[in-house]
Amino acid sequence: MGRINIIKQLYKTDMKKMHHNALIALTAILAVSCTFKKDKTQEAKEENFTSTEEVIPEGGDWINMFDGKTLKGWRGYCMTDIPEGWVVEDGNITFKGSESTTNPEGGDLIFDKQFENFIFEIDWKIDKAGNSGIFYTAQEVKGKPIYYSSPEYQLLDNENMPDAWEGVDGNRQAGAVYDMIPPVPQPVKPYGNWNKTKIILYKGHVYHYMNDTLVLDFQLGTPVWKALVDKSKFSKFSKDPEKCPDAYELMLACGKKPGYIGLQDHGYGVCFRNIRIKELETSGKQQ
């Protein structure tokens with residue numbers, strides 16, 4: 001009986017080891033399977049990002065918007081001449097900042113042609129604690145600022161400008177749709193360095209690029225766009241201390257007709273260079 005009990009005990013021990021080993025093996029298989037699925041999911045996401053751009057046509061020839069010497073083709077928003085503070089310096093369009101201007105309020109600069117579907121590229125360099133922006137569906141509305149009628153591609157010194165930490169989840173940082181959509185990832189270079197921006201607007205679909213990285217995209221004229229406006233300081237429902245309820249209807253109409261490209265005077269020093277645009281043909285009007 002002693003030997004039989006010993007044999008039974010050894011048998012039970014071996015079975016426990018087998019179950020334990022099997023459990024470890026099963027766990028490993030599941031882990032590999034989950035990783036595989038995760039990799040596949042990530043691949044699918046990357047493919048989707050790629051496929052969204054595949055529908056964008058090549059477009060025509062590039063139009064140079066800055067000759068490196070003059071402000072030919074540019075003028076002030078709701079103006080016929082160039083606002084105070086804007087100069088060409090060292091081959092760049094430069095805004096000197098409020099302290100360098102005769103009129104501290106300055107004025108925003110626009111290119112004197114409207115565009116509807118396009119690829120726009122520009123390099124920019126911001127001063128320390130600087131704040132500026134790029135507009136791309138702007139309408140000239142007397143008595144209303146340029147940012148009432150266009151999304152703003154935010155230009156910012158994220159490290160030193162307090163506005164970077166306001167808003168929600170970084171939606172006031174460089175590359176953001178100001179006060180609406182944060183950039184993910186955040187590849188901006190520090191103040192004093194050149195950054196490259198690309199903005200694509202095609203059939204109401206907008207893409208923001210920063211230093212050759214896609215940081216966000218969205219569709220104008222959709223319920224999602226309306227919800228974003230509703231939650232921003234541009235909403236007629238906003239309780240933000242800086243609320244702009246008069247902008248509400250203009251913001252909802254963004255992209256419904258050709259608009260101006262604009263560079264913001266926010267009172268801080270900023271430089272621009274390598275400015276060009278390519279118009280895109282469409283097979284039909286966006287909804």
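## Strand pairing around β5

Strand β12 (residues 259–263) is joined to β5 by 4 bridges, and the two run antiparallel. The model is a predicted one, in which local features require pLDDT of at least 70, side-chain atom pairs count only at pLDDT 80 or more, and totals for chains, interfaces and linings use all residues. Residues are numbered from 1 along each chain as its sequence is written, and side-chain values use heavy atoms, with hydrogens and water left out.

Strand β2 (residues 74–76) also pairs with β5 (residues 109–115), in the antiparallel sense and over 3 bridges. Two strands are taken to pair if DSSP finds at least two bridges between them; strands (E, at least two residues) and helices (H or I, at least four) are DSSP runs numbered from the N terminus. I110 in β5 is the bridge partner of R75, and I110 has G262 in β12 as a bridge partner.

## Aromatic pairs

The structure holds 10 aromatic pairs. Among them is the edge-to-face pair of Y178 and F234, at 6.5 Å centre to centre with 70° between the planes. This pair links distant parts of the chain: Y178 lies in the loop between β8 (152–156) and β9 (195–202), and F234 in the loop between α2 (223–230) and α3 (248–252), 56 residues apart. Y178 is buried, with a relative accessible area of 9%, and F234 is buried at 4%. F218 and W225 form a stacked pair, 5.3 Å centre to centre and 15° between the planes.

Rings of Phe, Tyr and Trp (its six-membered ring) pair if their centres lie within 6.5 Å; planes under 30 degrees apart count as stacked, over 60 as edge-to-face and the rest as tilted. Ring pairs also link W74, F111, F115 and F118 into a cluster.

## Charges over rings

A charge sits over a ring if NZ of Lys or CZ of Arg is within 6 Å of the ring centre and within 35 degrees of the ring normal. The charged end of K198 sits over the ring of Y209, 4.4 Å from its centre. The charged end of R273 sits over the ring of W194, 4.0 Å from its centre.

## The two sides of α2

W225, L228 and V229 of α2 are buried (under 20% relative accessible area; exposed is over 50%, partly exposed in between; 1.4 Å probe, protein chains only). They cover an arc of only 100° around the axis and therefore lie on the same side of α2; the arc is that of the directions from the helix axis to the C-beta atoms. P223 and V224, on the other side of α2, are exposed.
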